[in-house]
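Have the viewer open and follow along.

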Amino acid sequence: MAFSSFLKANVVTLAFLIIVLFMGGTNAQLSTNFYSKSCPRLFATVKSTVQSAIQNEARMGASLLRLFFHDCFVNGCDGSVLLDDTSSFTGEKNAVPNRNSARGFDVVDNIKSAVENVCSGVVSCADILAIAARDSVGILGGPTWNVKLGRRDSRTASQSAANNSIPPPTSNLNQLINSFNSVGLSTRDMVALSGSHTIGQARCTSFRARIYNETTIDASFAQTRRSNCPRTAGSGDNNLAPLDLQTPTSFENNYYKNLINRRGLLHSDQQLFNGGSTDSIVRTYSNDEKTFNSDFVAGMIKMGDISPLTGSNGEIRKNCRRAN
């Protein structure tokens, strides 16, 4: 009887462990120490490559950060933005928000190659994007944080999803709030994450209508921007202007100070401070860089949690541009 009870108890325990292991394989959670044993040199390897890329071109930090945004907003943080078109799907690189705009793919390739040299077949491209975004912010003077990892890569991408999911620079405040809410990010997250525009540049096509047609813009600022962005469409479309006029390669809170002075470059930027519900958050961030940094980090971590592929879903791509 005692042996029978012992056997029965252990069978139940074994069954429970099998269920737990199965669940872990199909619905694993992200964690900050995911690669601590399988790729202990991961963080140093990624940071070194990102550092070199930013030293070569300071704008690249903003480009890598933007790639992470544009990846996570389209069917979750799964590395889909990195995939080239194939005969079976049209990817996201030529979607309206990315065409002639998204950049840094070669840098991601370099990071992937460096990581493969220290731990082959272990680290996903989706996780590389997450780490590169964090490192870009830190290298340019912003906050740092422990990145949650364990994502796997998608085998496909969707141009239509990218066109419909990434908020365009013409968005009004309600559209911005709804876009972020639809992926689980709050209004405060939206305002904090918009602070990523304290670095980087935008093309003339993204702000032409604002500098020529809008009244919620500082006149001298508009005039400055017009000098490099002709009114006529097709002329100077790809000319660049800094999103933050003062310090486009330093991550701080000048972006919000610009908004208060009606110097937001994009229509969607100025919408955050235009007599609406987010004015008070902008004022807070403009006066308190520590609070901005803290909220930005919280928003980045939340964004990194959007619908990741984990466990047995997806794959670990050998080449970030194509499925295995």
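The axes are lines fitted to C-alpha atoms, for helices over the stretch in contact, and the angles run from 0 to 180 degrees between N-to-C directions. Helices are DSSP runs (H or I, at least four residues) numbered from the N terminus.

Some housekeeping: this is a predicted model, in which local features need pLDDT of at least 70 and side-chain atom pairs count only at pLDDT 80 or more, while totals for chains, interfaces and linings use all residues. Residues are numbered from 1 along each chain as its sequence is written, and side-chain values use heavy atoms, with hydrogens and water left out.

**Confidence**

pLDDT is the predictor's confidence in each residue, from 0 to 100. The protein chain has a mean pLDDT of 92, with 91% of its residues at 70 or more. The stretch to treat separately is residues 11-27, where pLDDT stays under 50. For that stretch the model has nine contacts beyond four places in sequence, a contact being heavy atoms within 4.5 Å.

**How the helices pack**

Two packed helices are described by the angle between their axes and the distance between the axes.

| Pair | Angle between axes | Axis distance |
|---|---|---|
| α3 (residues 60-72) and α5 (residues 125-139) | about 140 degrees | 8 Å |
| α4 (residues 105-118) and α5 | roughly 110 degrees | within 10 Å |
| α3 and α14 | roughly 45 degrees | within 10 Å |

Take α3 and α5. With an angle of about 140 degrees, these two helices are therefore oblique to each other. α3 passes α5 in a left-handed crossing, meaning that the near helix is turned anticlockwise from the far one by less than a right angle (clockwise would be right-handed). On the α3 side you'll find G61, L64, L65, L67, F68 and D71, and they meet L129, A130, A133, S136 and V137 of α5. The residues of this contact divide into eight nonpolar, two polar and one charged. For that tally, Ala, Val, Leu, Ile, Met, Phe, Trp, Tyr, Cys and Pro count as nonpolar, Asp, Glu, Lys and Arg as charged, and the others, Gly among them, as polar.

α4 and α5 are roughly perpendicular to each other, and their crossing is right-handed. V108, I111, K112 and V115 of α4 meet C125, I128, L129 and A132 of α5. That contact has seven nonpolar residues, no polar ones and one charged. L129 turns up in the α5 contact with α3 and in the one with α4.

What about α3 and α14? Their axes cross at roughly 45 degrees, and that makes α3 oblique to α14. L65, F68, F69 and C72 of α3 make the contact with F296, M300, M303 and G304 of α14.

**A covered helix**

How many of the eight residues of α8 are buried? Six are, and the helix (residues 187-194) is mostly covered. Buried means under 20% relative accessible area, exposed over 50%, and partly exposed in between (1.4 Å probe, protein chains only). The buried ones are D189, M190, V191, A192, L193 and S194. Their cover includes α3, α7 (173-181), α11 (254-260), α13 (279-287) and α14 (289-304).

Most residues other than glycine have a negative phi. N100 is not a glycine, yet its phi is positive at about 55 degrees. N100 sits in the loop between α3 and α4 and counts as exposed, with 62% relative accessibility. R262, also not a glycine, has a positive phi of about 60 degrees. Look for R262 in the loop between α11 and α12 (267-270); at 39% relative accessibility, R262 is partly exposed.

I260 belongs to helix α11 and is partly exposed at 27%. Beyond its neighbours within four places in sequence, I260 is in contact with F273, V282, R283 and S286.

Finally, E214 lies in the loop between α9 (204-213) and α10 (219-226). E214 is partly exposed, with a relative accessible area of 22%. Leaving aside neighbours within four places in sequence, E214 is in contact with A209 and H267.

Terms used
Parallel < 35°, antiparallel > 145°, perpendicular 65-115°, else oblique.
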